[in-house]
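User: I am new to this structure and would like to learn how to read its features. Please give the general idea each time, then the case at hand.

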Amino acid sequence: MSNVDKSTSAFMEKLVSLCKRRGFLFQSSEIYGGINGFWDYGPYGTQLKKAVEKLWWNYMVETRINVEGLDSTVICHPKVWEASGHLAQFGDLMCDCRDCKARHRVDQMADKAVCPNCESTNLTEPREFNLMMKTYVGPVSDEDHAAYLRAETCQPIFIDFHQVRVASRQKLPFGIGQIGKAFRNEINPRNFTFRSREFTQMEMEFFCKDSDAMEWFEYWKNERIKFFRKLGFTEAETRIYEHEKLAHYAKAAIDIEYKFPFGWGEVEGVHHRGTWDMSRHQEFSGEDLTYFDHDNGEKITPTVIETSVGADRTVLALLCKAYDEDVADSKKEGKASEARVVLRFPAEVAPVQVAILPLSKKLTENAQQLFNDIAPYYRSEFDVTGSIGKRYRRQDEIGTPYCVTFDFDSLEDNAVTVRERDSMAQERVDVTQLLAYFDGKMR
Ligand code: ATP
C-alpha cells in the first residue's frame, strides 16, 4: 500500500510534473504554447502505452480462435457517421458563462444554474455541440468534400464485418478487434489525458445471435474485469457502474471505472448494442449485411457485444496507481538512506523491464554485450552515468523492476547482481541463467 495521499490536486501536479521531467507525457506543440486536449508520449510513455496495447492485442485477439484483427482508416465515407447517428446526435449539451467565457458540459455541472469556474449565474441556454472533427478530402474545401475523423474505432469494424468474415472464414459467433486513434472535439479537455481530443481506443465488437447475446455480454464483462486484474488493479480500486438509462436498442451496458485522484472515472465500456449498428449500415448503404445461418437456414442480422477501452485512460490509471514514495535502504545500496520516488508498474508493462548498469566505465564493453543479449527479449536500458545509487534512483523513478549491475567480479565469475525495485533485494545470478531467471517474472 502506498503512503502517498493521492486524493489531492497537489498529487496530480506532482504526477504531471514527473511525467514531463522523465519523458512519459507532455503537452503537444509546447514550443508554440501547447494545444489544449492533445498530448505527446515521450520515450518512456510510448513504451508503456505500447506495452498496454500489446497486452490487450494478445489477450483479446492473438490468443483467441474466435477474434480477428483489423487496422482501418481514420477517415471513412461520411455516410458512416450519418448511419451511426454521430452527425445527428453525437453531441453534448453545453452552456457558456457570459462572465468568464468558460464553456461547460451541462451533464457535468453539479449545479446547473451556476458556472463551476466563477460561480456566476449569467449562463447561456444549453445548446447541442457536435463532437465530430471535420476535415475536407481532396483539393476543394466545400461541403461536398467534407469528411470526419472517426469518433470511435468501432464503426469501421461494422462496415468491414463481411470482408473480415469471408477472408477469415469465421462463423458466428466471432469478434473483430482494433486499436487506433479516435478524435472528439471535447468541450472541456481536462484531468491530464483523461479527457483528450485525440486518444487511442482498443475495441472489440463481438457478433452473435440475439438469443446468445446476454450470455456473451456476461462473458466479455468478466474477461475485461480479468484484464484489469492482470494489470494489478484491485477490487477496491475499480468498480462496475451499471447503466440505468439504456439506448433504445441496447439490452445492457456497464462501465469499468477506476478511482482516479480526481474521482471515479470510466476506463472501459462493455455494451450490448443489439442489431442497431448492422441494421443502420444496411439501411444507409443499401447493401445486404445479413448473415446466413447454415444451422437453421435463416438470414439474421448479427447482435453486437462491444468492449471499448481507452489506452490513454488505462495508462493514466497505471501511472496514478504506480506512483509511490518511500525510503531507500542505506546498507543495501551503500549510502545514506534517502527518500525515493518509485513507480510500481507491473513488470509486464513497465517501460523499461531491465536496466543494465556497468559499475565502472571500464566495464562498458562487457556490459554492453550483456545488454545486446537481453534487449531482444525484454525492454532494456543501458546506463553508465553517475554513481550506482543515483542510477538505481533513476530507474526507480521510471518503474524499472530489475537492475542488473555488471561489476569487476563479473569478469571473473560470469555473474551479475540483480536488484529488485520494490524490495530492493539483491541477488547474484549467473549470466547464463539470466534469461531463465527473468522468464516468468515479467508476466
Ligand atoms: P465519457 O462519458 O467519459 O465521455 P464515453 O462514454 O463517451 O466517455 P465511449 O464512447 O464509451 O466513452 O468510449 C470508450 C472509451 O474510450 C472510454 O471508456 C474511454 O476510455 C475512452 N475515451 C472516450 N472519450 C475519451 C477522451 N475524450 N479522452 C480519452 N479517452 C476517451
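User: Which strands does the hairpin join, and through how many residues?

Analyst: Strands are DSSP runs of E with at least two residues, numbered from the N terminus. Here, a hairpin of two residues links β12 to β13. The model is predicted: local features need pLDDT of at least 70 and side-chain atom pairs pLDDT 80 or more, while totals for chains, interfaces and linings use all residues. Residues are numbered from 1 along each chain as its sequence is written, and side-chain values use heavy atoms, without hydrogens and water.

User: How many bridges join β12 to β13?

Analyst: Two strands count as paired if DSSP finds at least two bridges between them. β12 (residues 252-260) and β13 run antiparallel, with nine bridges; A253 has H271 of β13 as its bridge partner. β13 also pairs with β16 in the antiparallel sense, over six bridges, and there G274 stands opposite V304.

User: Which residues come nearest to the ligand?

Analyst: A residue is near a molecule if one of its heavy atoms lies within 4 Å of it. The shell has 16 residues, of which E186, R195, S196, E266 and V267 come nearest. β13 gives the most, with four residues.
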